[in-house]
Amino acid sequence: MSEEDYTTKITSEDACLNRTADDDEDDDEGEEITAQKVLEFLETAWTNEMCAPDILQHQSDMLELMMGQVAHMEENMKDLDKNDFRFVVHQMELERIRYVMASYLRCRLQKIETYTKHLLNEESTRSAEEKRLSPEETKFAQEYYENMEECFQQIALQYMPNTQRSEADQRIVRPNLMSHVFVKANVSVPAVVVGVDDEEVDLAAGSQHIIPYQLIADLIQKHQVQLI
């Protein structure tokens, strides 16, 4: 299978590959990227999601693109002999891609189940462009929270004295945004605050650091650094 078989055309807004909002405004034309680049983007998003204490921006568009490419690859593989070495190699690659996508979604699901109310509260304050949960994830979070509250009420709260019943806000679990993470700079980033004393350091491209997550969270969203 040639690289042309794996090429898909998407808009520059959907690609989000190390581009800023200003770049998108200046260039509205479509951009062709290969499935390999989409996979690399998803692998980076997967690593970031696994290492970040908070939930990150969803990548539903990229997942849909990759799932379409997987289906396309499976269709092309039907023409190969199962004893052909190329079939074995492509099959192994498909399994690896499926694992990355499943692990990425499973990680996000675990965070949603752990920080349900916190994430819903945060989402309610964000604009449509800034929302981190996909519509499907938001629906799941709302239903999960309602079911958990109903279950908690029926199993425990209704049998407890009023003085011992905690308010819903007191039961909210929040991520530790000041936990330290390993980061790698994708580009040079000057004057990054890395301590409580407003200490600043310049992140050279390719350099690696241990920094509290909250101090570099915005750099992850801008693709200037990535977690490792």
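**Reading a predicted model**

Tutor: Let us begin with packing. The buried residues of helix 8 pack against helix 3 (35–51), strand 3 (180–185), strand 4 (189–193), strand 5 (200–203), strand 6 (208–212) and strand 7. Please keep in mind that this is a predicted model.

Student: Which residues of helix 8 are buried?

Tutor: In general, an α-helix has 3.6 residues a turn, so residues three or four places apart point the same way. In helix 8 (residues 213–221), the buried residues are Tyr213, Ile216, Ala217, Leu219 and Ile220. Just after helix 8, histidine 223 has a positive phi of about 65°.

Student: Where is confidence lowest, and where is it highest?

Tutor: The mean pLDDT of the protein chain is 84, and 83% of its residues reach 70 or more. Confidence is lowest in helix 1 (residues 12–15), with a mean of 37, and highest in strand 7 (residues 225–227), at 96. Over residues 1–29 the pLDDT is below 50, although this stretch has 52 contacts in the model beyond near neighbours in sequence.

Student: Is phenylalanine 85 buried or exposed?

Tutor: A residue counts as exposed when its relative accessible area is over 50%. Phenylalanine 85 counts as exposed because its relative accessibility is 63%. This residue lies in helix 5 (residues 85–114). Together with Val88, Val89 and Met92, Phe85 forms a nonpolar patch on the surface, with about 410 Å² of accessible area in total.

Student: How many salt bridges are there?

Tutor: A salt bridge requires a side-chain nitrogen of Lys or Arg within 4 Å of a carboxyl oxygen of Asp or Glu. By this rule the count is 13. In one of them, glutamate 74 pairs with arginine 98, and their closest N and O atoms are 2.0 Å apart. Glutamate 74 belongs to helix 4 (residues 60–77) and arginine 98 to helix 5, so the pair ties together parts that are 24 residues apart in sequence. Glutamate 74 is partly exposed, at 32% relative accessibility, and arginine 98 is partly exposed as well, at 29%.

Student: Which residue meets arginine 108 in a salt bridge?

Tutor: The partner is glutamate 137, at 2.8 Å from N to O. This pair links distant parts of the chain, with glutamate 137 in helix 7 (residues 135–155) and arginine 108 in helix 5, 29 residues apart. Glutamate 137 is buried, at 13% relative accessible area, and arginine 108 counts as buried at 1%. A network of salt bridges links Glu49, Arg108, Lys111 and Glu137.

How values were computed: Residues are numbered from 1 along each chain as its sequence is written. This is a predicted model: local features need pLDDT of at least 70, side-chain atom pairs count only at pLDDT 80 or more; totals for chains, interfaces and linings use all residues. Side-chain values use heavy atoms; hydrogens and water are left out. pLDDT is the predictor's confidence in each residue, from 0 to 100. Helices (H or I, at least four residues) and strands (E, at least two) are DSSP runs, numbered from the N terminus. Contact means heavy atoms within 4.5 Å. Buried means under 20% relative accessible area, exposed over 50%, partly exposed in between (1.4 Å probe, protein chains only). Patches are made of residues with over 30% relative accessible area and no salt bridge: like charges are joined within 9 Å, nonpolar side chains (Val, Leu, Ile, Met, Phe, Trp, Tyr) within 5 Å. Accessible areas come from the Shrake-Rupley method with a 1.4 Å probe; for residues, only the protein chains shown count as cover.
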